[in-house]
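Here is a short briefing for a first look at this structure. Keep the model in view while reading.

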Amino acid sequence: MNCYEYLVQKIGVPIAERATGWPVSKYLRELEESQWWSLQQLQELQNEKLRKMIKHAYDTVPYYRELFADNNLHPNDIKTMADLPKLPILTKDTVRANFPDKIASKVFDRRDLIVGKSSGSTGEPLKYYLSKEEKGFKWACLYRYWRWAGYDFGKKYAFITVLTPTAFRGNSVLQWLEHKLSRVLTLQTRDLDADTVADFIRKIRNYKPVMLKANPSTCFYMARYMNEHDIKFELNSCICNAETLDPFVRDYVEERFGCGIYDTYGSEGIETAAQCHPRSGHHIAAEAVITEVVDKDGNPAPMDTEGRLIVTALDKWAMPFIRYDTQDAATMTAEQCSCGRGLPLLSGVKGRIVDMGLSPSGKLLSVYAFTPLFAKVDGIDAWQVIQESTGELSVKIKPTPAFNDEIRKSIQKAIEDYVGSDVTAEIELVEEIPLTPSGKRRFFISKCSSDVL
Ligand SMILES: [Zn+2]
């Protein structure tokens, strides 16, 4: 640890925690210890936290109070995680329909809460509340993951985002403090093309971070450019999230970046699982979440069988998520990791599948390119962009009654401005946009992904 890192950890972090009200290091200390507990100890902790969460949800959240009544249940009926299947699965639509009044806890003053918003690239954005305490816990879970990848407070890292960064928006003093503490180089873009990537690579090489954090599709596009121009990075690690990490993409990027990729998985503010150093599976943050894997009918799937991942958050008090359907696929395994941590493993996590395509001029087309274009427009219930051939996009829109010709023209123009004059975009109004067999909505599909890979 160098002098700067020492000062950050001993002085900077406590100041930041006081300024934000997010108690990260308190939770991080606890999590660092409990990760080595036995599975049995962890399960006892999960059950104890679950009983408290169930009582809290029943006592203070109207949605859960009704749900228990409708199912002839009482909080005492849910004593351990084995009792959870007595309760129905909570869907994203149910959360949306009951937000905020029926699904948020009545004991919190909403003015003190932080509103989280999941990104809209696998479905419509979903809003949720977090208290400052919960935000501290969430960050502690994340920092534990990052430590597994060799990062710690005070070290430099680079963060590439094709969506808006979420750190301390709107307060310049806190922004400055956050920047000094985390020493993050944030690289933000909407247009991922050769010029942007060349600029990012130059900045990263000058900055010399130990870690890079980015989506797999962004990393892959960058590694591809580096391969063509014979450039390599010297990183300790790369943290990926938000998308399924394809084994081919992983190998390709690792070779160019000169480091291992650590995949992290979470949804709606729940930092569910991540890979540790042996990277054999994803360790579940058992102190934060109870995971279940169910088959297509919602029944428990056997170990080592892929199914839908259902999560129960153990520290989301402002807005409890009990048996929440992530709509992602995962496989539970009883295998243990060679690192010695008692945290159980998921042997496979499949989050969003992100198609990648290239425009004739070489710009990367992915869901991230299109989400912001549609986010600003009213009158659209659902949308999907299909790259039929390199220079041809088919844009399917399920309109609401508010949709009109002006909206049609503005979305057409936004897409054409974005993709460039070498691509044509054809808008088609449809009544329904079909979901994938696993029930997911894919916002961007490329029929020429093989040109990229
Ligand atoms: Zn491990």
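Asp 230 counts as exposed because it has 7 C-beta neighbours inside 10 Å. The cut-offs are these: a residue is buried if 20 or more other C-beta atoms lie within 10 Å of its own, exposed if 12 or fewer, and partly exposed in between, with C-beta atoms placed from the backbone. The model is a predicted one: local features need pLDDT of at least 70, side-chain atom pairs count only at pLDDT 80 or more, and totals for chains, interfaces and linings use all residues. Residue numbers start from 1 along each chain as its sequence is written.

**Backbone exceptions**

- Most residues other than glycine have a negative phi, and most peptide bonds are trans.
- Asp 230 has a phi near 50 degrees, a positive value in a residue other than glycine.
- Asp 230 sits in the loop between H9 and strand E6 (237–240). Helices (H or I, at least four residues) and strands (E, at least two) are DSSP runs, numbered from the N terminus.
- Gln 327 is not a glycine either, yet its phi is positive, at about 65 degrees.
- Gln 327 lies in strand E12. It counts as buried, with 21 C-beta neighbours inside 10 Å.
- The peptide bond joining Phe 99 and Pro 100 is cis, with omega about -5 degrees.
- Pro 100 belongs to the loop between helix H5 (92–98) and strand E1 (114–117).

**Domains**

- The chain is divided into domain 1 (3–350) and domain 2 (357–451). These bounds come from an automatic or database domain assignment.
- Taken over C-alpha atoms, the centres of the two domains are 28 Å apart.

**The sheet**

- An open sheet has 11 strands with mixed pairing, in the order E4-E3-E5-E6-E7-E8-E9-E13-E12-E11-E10. Two strands pair if DSSP finds at least two bridges between them.
- Strand E4 (184–188) and strand E10 (289–294) are the edge strands, and each pairs on one side only.
- From one strand to the next, the twist averages 35 degrees.
- Strands of a sheet pair through backbone hydrogen bonds, either parallel or antiparallel.

**Parallel pairs at E3**

- Strand E3 (residues 157–161) pairs with strand E5 (residues 211–214) in the parallel sense over 3 bridges.
- Tyr 157 has Met 211 as its bridge partner in E5. Ala 158 stands opposite Leu 212 in E5.
- E3 also pairs with E4 in the parallel sense, over 5 bridges. Here the bridge partner of Tyr 157 is Val 184.

**Antiparallel pairs at E11**

- Strand E11 (residues 306–313) is largely enclosed by the rest of the structure, because 7 of its 8 residues are buried.
- E10 and E11 run antiparallel and are joined by 6 bridges. Val 289 has Ala 313 in E11 as its bridge partner.
- E11 and strand E12 (residues 324–333) run antiparallel, joined by 5 bridges. Gly 307 stands opposite Ala 330 in E12.

**Helix packing**

- Two packed helices are described by the angle between their axes and the distance between the axes.
- The axes of H8 and H9 come within 10 Å and cross at roughly 85 degrees. Axes are lines fitted to C-alpha atoms, for helices over the stretch in contact, and angles run from 0 to 180 degrees between N-to-C directions.
- H8 and H9 are therefore roughly perpendicular to each other. Angles under 35 degrees count as roughly parallel, over 145 as roughly antiparallel, 65 to 115 as roughly perpendicular and the rest as oblique.
- Helix H9 (residues 216–228) and helix H10 (residues 247–257) have axes that come within 9 Å and cross at roughly 50 degrees. They are therefore oblique to each other.
- Residues of H9, including Phe 220 and Ala 223, meet residues of H10, including Val 249 and Tyr 252. Two residues are in contact if their C-beta atoms, placed from the backbone, lie within 7 Å.

**Around Asp 378**

- Asp 378 is in the loop between helix H11 (367–375) and strand E16 (380–389).
- It counts as exposed, with 9 C-beta neighbours inside 10 Å.
- Leaving aside its neighbours within four places in sequence, Asp 378 is in contact with Ala 402 and Ile 407.
- Asp 378 and Thr 400 are 22 residues apart in sequence, and 8.5 Å apart in space, C-alpha to C-alpha.
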